[in-house]
Amino acid sequence: MAELQPVTIVGAGPVGTLMAVMLAARGRRVRLFERRADPRLAPPERGRSINLALAARGLRGLERAGLLSAITPQLTVMRGRMLHDERGATSFLPYGQDEHEVIYSIARERLNLELVVAAAGHPGIELEFMQRCVDVDPIRQRVRVRDQGGVERDEPFALLLAADGAGSAVRAALAGRDLTVAREEPLAHDYKEFLIPPDAHGHYVLEPHALHIWPRGGYMLIALPNADRSFTATLFLPREGQPGFDALTDAAAVRAFFRAQFADVAALIPDLEQQFAVHPQGRLATLYCERWHAGCVLMLGDAAHAIVPFHGQGLNCGFEDCVLLDELLAVTAAAPLAFAEFERRRRVDTGAIAAMALENYLEMRDGVRDPGFVRRRALAAELERAFPGRFIPRYSMVMFHPEIPYASARRRGALQEWMLDELLAHPPQPGDERSAAEVLLQAAGL
Ligand SMILES: Cc1cc2nc3c(=O)[nH]c(=O)nc-3n(C[C@H](O)[C@H](O)[C@H](O)COP(=O)(O)OP(=O)(O)OC[C@H]3O[C@@H](n4cnc5c(N)ncnc54)[C@H](O)[C@@H]3O)c2cc1C
């Protein structure tokens, strides 16, 4: 049998390392270039524990690579949203219908470390840290890499995968050669993260098995639990305005804003002002990139389709990319054809999750405060119980049903919204609920 072409991957983040493990498991040699230091040697950043939500699509990718059992001990289950109002009252909205419909919080650094350890343990994978990609020539099949001392060299490649994130250098190199066009649509809202420490006895200071949300209409704060019993809180706020990051110019303004809007959280972060001053203010954007492949080069993960984080799906989506690409490369003789097919199949779904992520920001920061939203959700849950498999809330399709592509989830979600509108506007007579819903389901083709 002909030897499989080796693969060079730029970026040893979660997508690059997971892809490497999958490719090596099929017998390919893989070489990874990463601009950062080896996380197995670098000490973790003190006081900053940034986490993310993993759901079924991401877990499926890890399982496919045989890595789920290594990651499982690092997961903290989140069973629903805990909403905190301005007066400090809380209400809990479960995510799904049963104990399997949950999502998980994991420390980003820990996940990346486990993936790097798995990749490093594979004899077919060569990892090179502190090596920054600065250019890619897809015609000559050369990648230019700069080492720590600033020395640049050209490395040949047979196939190159760009998993170098939202600011991808590979994408810039392709765009510079007119092989793609990329447009970033920035959000007018930035974010800042805070650490909520455990209490003096080392206990969680909030319910650990929930994703906490303090929705405030035009902005919000969220918090996810960490395995070390701390929480990572993230403030999403307009860059400019009242309130806006630009108005929070000194410690007094920060304290006053938190006391007024998030008094319960302010009481849990003793060094709030200091964290505010020191932690970076991050930008958010959706990336629209016209072409993801050029000959033997393909972009995936955030490099191809970075999205805003409000559905907690960016990484889940990147892991789903890995599953599809692995399948296509396994059955397609010529890799460039697999790359073209990957882009053809994936684009509609990544476009759908990009749109749903933006829509979810409105729901999280505003929609959940509306009593109408709670009624609508209750009706949706009833319909799901009455018509299992036919009516599935959109959030559930995205988070718990990886067998439903994102684009189908969005389309079916719109039809279901129409059904809910109809049932709420024209409530059926008592006893007729089921038949009225059946008529609408049939009309919607569900
Ligand atoms: C605030 C926030 C919250 C989020 N929350 C969630 C969530 O809850 N759930 C979820 O699924 N997603 C979430 N995301 C999205 C998620 O972080 C990304 O989708 C995911 O990290 C993308 O993985 P990646 O491997 O494609 O890119 P990255 O994680 O960006 O990794 C890219 C890697 O490439 C390396 N690199 C970059 N440039 C070069 C270069 N020139 N040469 C060599 N190496 C390079 C980087 O150092 C890095 O290691 C969130 C994002 C943000 C901003």
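Reader: Where is Glu128, and is Glu128 buried or exposed?

Author: This is a predicted model. Glu128 sits in strand S8, which covers residues 125-128. Its relative accessible area is 15%, and buried means under 20%. Glu128 is therefore buried.

Reader: Which side chain makes a polar contact with the side chain of Glu128?

Author: Setting aside residues up to four places away in sequence, Glu128 touches Arg31, Leu32, Phe33, Glu34 and Arg153. A polar contact links the side chain of Glu128, at 2.7 Å, to the side chain of Arg31.

Reader: At what distance does a backbone N or O atom of Ala53 lie from an oxygen atom of the ligand, and how much of the ligand does the protein bury?

Author: For Ala53, a backbone N or O atom lies 2.7 Å from a ligand oxygen atom. Backbone N or O atoms also lie 3.2 Å from a ligand nitrogen atom in Gly312 and 3.4 Å from a ligand nitrogen atom in Gly314. Taken alone, the ligand exposes 1,000 Å², and the share of that buried by the protein is 88%.

Reader: Which residues have the most contacts inside the largest nonpolar core?

Author: In soluble globular proteins, nonpolar side chains tend to be buried together. The largest nonpolar core here has 68 residues. A second, separate core of 37 residues includes Leu211, Ile307, Phe310 and Met356. Inside the largest core, the residues with the most contacts are Ile9 and Leu161.

Reader: Is Asp38 buried or exposed, and with which side chain does the side chain of Asp38 make a polar contact?

Author: Asp38 lies in the loop between strand S2 (30-33) and S3. Its relative accessibility is 10%, and the cut-off for buried is under 20%, so Asp38 counts as buried. Leaving aside neighbours within four places in sequence, Asp38 is in contact with Val116 and Phe129. The side chain of Asp38 also makes a polar contact, at 2.6 Å, with the side chain of Arg40.

Reader: What is the phi of Gln141, and what is the phi of Arg229?

Author: Gln141 is in the loop between S9 and strand S10 (142-146) and, at 25% relative accessibility, counts as partly exposed. Arg229 is in the loop between strand S16 (220-225) and S17 and is partly exposed at 40%. Neither is a glycine, yet phi is positive in each: near 55 degrees for Gln141 and about 75 degrees for Arg229.

Reader: Is the peptide bond from Gln242 to Pro243 cis or trans?

Author: Pro243 is in the loop between strand S17 (231-238) and helix H6 (251-261). Omega of the bond from Gln242 to Pro243 is near 0 degrees, and the bond is cis.

Reader: How far apart in space are Ala70 and Leu115, C-alpha to C-alpha?

Author: Ala70 is in helix H3, residues 68-71, and counts as partly exposed at 38% relative accessibility. Along the sequence, Ala70 and Leu115 are 45 residues apart. In space, their C-alpha to C-alpha distance is 9.2 Å.

Reader: What separates the C-alpha atoms of Asp432 and Arg259?

Author: Asp432 lies in the loop between helix H14 (406-425) and helix H15 (433-444). With 37% relative accessibility, Asp432 counts as partly exposed. Asp432 and Arg259 are 173 residues apart along the chain, and their C-alpha atoms are separated by 49 Å.

Key. Residues numbered from 1 in each chain as written. Predicted model: local features only at pLDDT ≥ 70, side-chain atom pairs only at ≥ 80, totals over all residues. Heavy atoms only, no water. Polar contact = N/O pair within 3.5 Å; in protein donor to acceptor, adjacent residues only side chain to side chain. Areas by Shrake-Rupley, 256 points an atom, 1.4 Å probe, with all protein chains shown as cover. Core = buried A, V, L, I, M, F, W, Y, C linked by side-chain atoms within 4.5 Å. Buried < 20%, exposed > 50% of the residue type's maximum accessible area, 1.4 Å probe, protein only. Helix = DSSP H or I, 4+ residues; strand = E, 2+ residues; numbered from the N terminus. Contact = heavy atoms within 4.5 Å.
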